[in-house]
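These are my notebook entries on a structure that I had not examined before. I set down what I looked up, entry by entry.

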Amino acid sequence: MGETQEPTVRKFVVRTPGKLILTGEHAVVYGKLALAASVDLTTEMYLTLHTDRHGSSSFVVYLEDLKFDCSLPLADLQTSNAGNAPNLDLELLDKLKSLIATRVPADTNHTVQMSLLALCFLYCSIVGNSDASFEIRVKSTIPIGAGLGSSAAFSVGSSAVFHLLHYLLSSQGVFVPDLDVINSWAFQCEKMFHATPSGIDNAVCTYGGAVKYKKAVIGSISIPEARILLVNTGVGRQTKLLVEAVRQKRNDFTAIMDPILDSIDQISCKMAEIVQLPPDSSFSAIQELLSMNHWLLASMGVSHPSLDEIHRLARAHGQAGKLTGAGGGGLAYVWLNPNCSDDQVNALQHQLTLGNFTCWPTRLGVKGVHIEDLNDD
């Protein structure tokens with residue numbers, strides 16, 4: 001009998017969760033602890049690798065949610081940069097920006113351009129050279145610009161895809177992802193999207209569970225999955241203006257604001273302990289801590305009547321509600337009592353809908369980035 005031939009087409013999917021800030025918004029700017037967790041909204045990246053090597057090799061990108069696709073000859077992306085420690089090579093970025101400018105129309109959506117730049121950057125930095133064509137198809141249930149980690153999930157998933165691709169082109173056997181390395185390269189991509197990211201978003205998307213952040217990521221913790229409702233107020237907000245307003249208020253009323261910030265810090269510290277406990281025994285404390293954090297943020301001027309109403313409805317139905325992110329509108333979340341029935345959840349969702357809020361159920365504390373081999377039977 002002859003040797004078993006390697007398949008000429010190999011397919012994988014990389015799934016990466018979104019993120020939600022649980023506690024510590026705004027206070028984290030002043031060196032206080034913030035706690036964030038993964039949510040079961042997902043960015044999926046489908047990698048198809050063609051190993052027959054016939055003809056000129058290419059890299060095809062499909063950004064399904066952005067309704068964009070393009071093909072890039074890999075000869076244009078050959079580089080000697082691969083293998084370096086994670087860093088944002090500005091010379092390489094300038095070269096790639098020029099290349100992309102010749103391949104996509106000038107009026108192409110900025111998010112599309114940045115996504116394509118991130119993919120090309122990671123290919124050059126991690127893979128460098130390939131004779132095999134491949135395709136990456138991206139789709140996501142994480143809304144863009146909602147504070148749920150859409151760019152971080154994209155960055156982490158892209159980093160994982162190219163580390164997988166590099167392994168497939170150079171090794172045999174089962175790929176075992178190095179999450180620390182994946183996270184480090186994803187952080188470089190986040191710098192493209194946000195200039196000075198904290199690192200908390202990509203850490204949550206990489207490791208899953210919950211992540212503690214205090215001037216830097218100081219640890220990740222595994223937590224029992226919990227049911228939550230994400231609630232969109234439909235009210236626009238400008239994060240930069242809200243952060244500046246808090247800064248001004250602290251400058252004007254330092255002796256009052258600093259104890260508030262310290263209290264939020266202590267709430268985050270306590271939450272980091274409690275969320276690791278069995279859900280049945282921890283919900284009452286979670287409800288109180290989230291309520292305190294919400295009203296402390298409100299006292300700082302970053303809530304909104306719509307956010308306060310979501311908190312009120314959550315409490316009235318025996319649940320725990322709180323604004324998340326910058327505040328001033330945007331999103332809130334409702335942490336559901338693990339013992340509440342579907343009828344109780346439906347009743348709350350109905351009341352939220354009557355208030356012209358959009359809500360969708362999801363899970364908190366899900367696992368981080370993971371890879372599925374679609375070639376397996």
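**Entry 1: a helix crossing**

I looked up how α1 and α2 cross, and the crossing is right-handed. I call a crossing left-handed if the near helix is turned anticlockwise from the far one by less than a right angle, and right-handed if clockwise. Helices (H or I, at least four residues) and strands (E, at least two) are DSSP runs, numbered from the N terminus. The model is a predicted one, in which local features need pLDDT of at least 70 and side-chain atom pairs count only at pLDDT 80 or more, while totals for chains, interfaces and linings use all residues. Residues are numbered from 1 along each chain as its sequence is written, and side-chain values use heavy atoms, with hydrogens and water left out.

I then took the geometry of the pair. Helix α1 covers residues 90-103 and helix α2 residues 110-127; they pack at an angle of about 125 degrees, with their axes 10 Å apart. Axes are lines fitted to C-alpha atoms, for helices over the stretch in contact, and angles run from 0 to 180 degrees between N-to-C directions. The two helices are therefore oblique to each other (under 35 degrees counts as roughly parallel, over 145 as roughly antiparallel, 65 to 115 as roughly perpendicular, the rest as oblique).

Next I listed the contact (heavy atoms within 4.5 Å). From α1, L92, L93, L96, K97 and I100 meet L116, L117, C120, F121, C124 and S125 of α2. By class, this contact has nine nonpolar, one polar and one charged residues. Here Ala, Val, Leu, Ile, Met, Phe, Trp, Tyr, Cys and Pro count as nonpolar, Asp, Glu, Lys and Arg as charged, and the others, Gly among them, as polar.

I turned to α4 and helix α5 (residues 200-207), which pack at an angle of about 145 degrees with their axes 9 Å apart. Their crossing is right-handed. L179, D180, N183, A186, F187 and E190 in α4 meet D201, N202, A203, T206 and Y207 in α5. I noted five nonpolar, three polar and three charged residues in this contact.

S184 also lies in α4. The C-alpha atoms of S184 and A203 are separated by 8.9 Å, and the two residues are 19 apart along the chain. S184 counts as partly exposed, at 30% relative accessibility (buried means under 20% relative accessible area, exposed over 50%, partly exposed in between; 1.4 Å probe, protein chains only).

**Entry 2: aromatic rings**

How many aromatic pairs does a search of the whole structure find? I recorded nine. Rings of Phe, Tyr and Trp (its six-membered ring) pair if their centres lie within 6.5 Å; planes under 30 degrees apart count as stacked, over 60 as edge-to-face and the rest as tilted. The rings of F154 and F193 have centres 6.2 Å apart and planes at 85 degrees, so this pair is edge-to-face. It links distant parts of the chain, with F154 in helix α3 (residues 150-170) and F193 in helix α4 (residues 179-194), 39 residues apart. F154 is buried at 8%, whereas F193 is partly exposed at 22%.

For Y167 and F175 I found centres 5.4 Å apart and planes at 50 degrees, so that pair is tilted. I also noted a cluster in which ring pairs link F59, Y123, F134 and F162.
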